[in-house]
Amino acid sequence: MSASPTKTNSDAKVNKATTHPKDRLLRQDRLPHIWCPTCGIGTCVSSFVEAIDEIDLPPEQFAVVSGIGCTGRVAGYVKLDSFHTTHGRAIPFATGLHLTNPKQKVIVFSGDGDLVAIGGNHLIHAARRNMDITVICVNNFIYGMTGGQLAPTTPHTAKTTTSPAGNTEFPFNVPHLVASCGATYVARWTALHVRRLKRAMIEAIMKPGFSLVEVIAPCSTLYARKNRLGSGTDLMQFYHDNCEVQHNANTADVDIGFQNKIIIGKFVDIEKPTFLDRYNKGIG
Amino acid sequence: MSKAPGAVLTGEHFMNGDVAAAEGALAAGCTFFAGYPITPATEVAERMSKRLPDVGGVYIQMEDEIASMCAILGGSWGGRKSMTSTSGPGFSLMQENIGLGIMTETPCVVVNVQRGGPSTGLPTLVAQQDMMQARWGSHGDYEIIALSPNSPQECFNLTIEAFKLSETYRLPVLLMTDEVVGHMTEKVVIPATSKIKQAKRRLTKKKPDKYLAYEHDKDLVPPMAEIGKGYNVHITGLTHDERGYPAVVAPVQKRMVPRLLDKITQNAKAISKFEEINTDDAEVIVLCYGITSRVALKATEMARDKGIKVGFLRLQVVWPFPEWRIRELAAQVKGFVVPEINMGQVVLEVERIVAGQTKTVLVPHPGGEVHDPETIIAGIEEVIK
Amino acid sequence: MRFWRTPLDQEKFNAPKGRIFIIVERCKGCSFCVEYCPRGVLQISDQFNKKGYHYPEAIKEDACVDCNLCESICPEFAIYSDRIEEEAVSTSTGADTKQESIAGKEAEGE
């Protein structure tokens, strides 16, 4: 049943289309995707697809590995060689994929819980090894898929289903964590900063070595709702009003507090031999 | 400058089971190993770390066994034959991702050099306590292939067989050795390269627009696609349909998951491998595997000298279990004797299959030592009394 | 476009013009495109798709400069803009004047 269209403005127009220019890099037969209205993950994928498009390599040269969680579903929507692995294990899987297939650009696209909680050990080791993979960590401060539980990235005092009286813990400072382990490219953007996010993704993917791009993204149904922050659109507005770009900031200073200023930008961009550079060269 | 040795060290060697398993992997064409040190499997990793650069392969020591298992799944999808090795505690950690390998139908080999358990147990001493874990260790319904060598020579041979089975049936294959076989040093003959048949990966002949990731052949195994060739492979641990896309509904579960079991059970006779000695006229069969089989063979010889008609059946492939053969023998014999270095694991399978038709006598050992022949003979005598 | 002073070479440059297309069934009514369109082209309409989401409509289509921000920021891959090549909005001093396109108004697409 369709409502009879009512136009509030006689000039209002809807040009309807059935396909999108980005569809050639998406598994169209699976759209619309499962993410909630005003979820930021779709926007991250949008920037990612633009990044892939802009890089002068054929799509076969890319592989996406994701874990479990809302962001983990990304692998199922991109039309590339994509791998939806177990919780927390996207990075070691990507490590194996990369080491046996070094020509492909391997991108890990997963969420904060998957990468930093259960996957934390793998994250720090991949950074330490300077494994030539790119990690896109979509940080929505919560475990979305399972209904809104505490994550190691949940800001102090925030409410979640497993911290109903407010989070008593302090979150990881993800850029600081991976930078201190030896990552050669570390950046943080938000789902709002689509253009700069795309550029960061391109830089991260093309840069040899371990790159991490943390993307602060709105979780409307859970994080926003449980903390009475409105919807994802309100969170996007919050990013608009409270993010401050500080390239080359000291990563030790980019902690995120609850509804506080978020420092974004490109924090680390250094040169170092990768794992395979060193392995293939040997010692002496 | 001397040439680096190749993958196949043709000739006679004096090496231990762990090293032989590593050499078997290289001979089978393995060029990726991701592992973590654990007694008594460490020598497999050490040997691979030394030899893989010789064959243009990559060795990586991962941060734990969970990462090792995931890395070899990734390595397999990257296009290389991949292996890891571990023992009991690491094997427990690997279970979730063995399940991922089964669900995504990823060929790879996992070596478990069994030691005394449970928990940290006896790190340096023998046991066969993971045999049921090999079959049921991961969650969910599935079938597995597990081999059991009883000598360093068999470690070499059965590792090659493991790679062949993993590529043929598209799943992780387990090589269940034990601390004695792994650490004993014996003569290992490595044949000429031409005599070793390296398993080829079953790749699809279809073009990307016609290819369906889990559309299977007659033997219920779907051909794989190579990544980086435009197939846009998608694999997931979620229940998935023929395209490989998540489809978390009961009808798809019904269609797709029993096939993971059927592809093993329906091909069990082709996969299975066991050795029989003097079973034709046997009244008692000693059913054994791994290091225990060497003592058991001695025990059967001693029993024969006493006039007991004992037959010897040694499993080289423990899972899938050769049910059909046990049923045939059950109709003929007074009983089975199952010596194993555990408190009763494979014996449960024998009991289940014979279903009371004949006696089943377990000769257990809690671990740390190999049986004495006398205890096995006592078990044999228990059957015929 | 409002300038605080008129650029001397203003006549040389024409802002690009774009047309918005919406894949109605994918939209989830999040209104990111509405909020962040720099030209205020869109608003959420009263119409809705099969899932009950209100999708956007272009109320000032002539103002679209094909910046593609809606395309980039939409989480659903439900909106994009296409460059209209021959037509350009040439802006004169200060006021928001619009020129009729040479080919006239395009027929409504489906």
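Predicted model: local features only at pLDDT ≥ 70, side-chain atom pairs only at ≥ 80, totals over all residues.

Biologist: Why is chain B called as compact as a globular protein of its length?

Modeller: The globule rule takes 2.2 Å times the number of residues to the power 0.38. For the 385 residues of chain B this gives 21 Å, and the radius of gyration is 21 Å, close to that value, so the description holds. Along the principal axes, the C-alpha atoms of chain B fill a box of roughly 65 × 60 × 40 Å. The secondary structure of this chain comes to 13 helices and 16 strands.

Biologist: What share of the residues of chain B counts as buried, and what makes a residue buried?

Modeller: A residue is buried if 20 or more other C-beta atoms lie within 10 Å of its own. Of the 385 residues of chain B, 55% count as buried. As for contacts in chain B with a separation of 6 or more, 77% come from residues 24 or more positions apart.

Biologist: How do you describe the packing of helix H1 and helix H6 of chain B?

Modeller: Two packed helices are described by the angle between their axes and the distance between the axes. For H1 (residues 17-28) and H6 (residues 152-169) of chain B, the axes come within 7 Å and cross at roughly 35 degrees. Among the residues that make the contact are Ala20(B) and Gly24(B) of H1(B), and Phe156(B) and Ile160(B) of H6(B). By class, the contact residues are 10 nonpolar, 5 polar and 1 charged.

Biologist: Why is the crossing of H1(B) and H6(B) called right-handed?

Modeller: A crossing is right-handed if the near helix is turned clockwise from the far one by less than a right angle. The crossing of H1(B) and H6(B) is therefore assigned to the right-handed class.

Biologist: How do you know that strand S8 of chain A pairs with strand S5 of chain A and with strand S7 of chain A?

Modeller: Two strands pair if there are at least two bridges between them. S5(A) and S8(A) are joined by 4 bridges and run antiparallel, with Tyr185(A) opposite Asp269(A). S7(A) and S8(A) have 3 bridges in the parallel sense, and Cys243(A) stands opposite Ile262(A).

Biologist: Which helix gives the most to the side of chain A that touches chain C?

Modeller: In total, 35 residues of chain A are in contact with 32 residues of chain C. Helix H1 of chain A gives the most to that side, with 6 residues. The residues on the chain A side divide into 15 nonpolar, 14 polar and 6 charged.

Methods
Residues numbered from 1 in each chain as written. Chains lettered and ligands numbered in written order. Axes fitted to C-alpha atoms, helices over the stretch in contact; angles between N-to-C directions. Helix = DSSP H or I, 4+ residues; strand = E, 2+ residues; numbered from the N terminus. Contact = placed C-beta atoms within 7 Å. Nonpolar A, V, L, I, M, F, W, Y, C, P; charged D, E, K, R; others polar. Buried ≥ 20, exposed ≤ 12 C-beta atoms within 10 Å, placed from the backbone.
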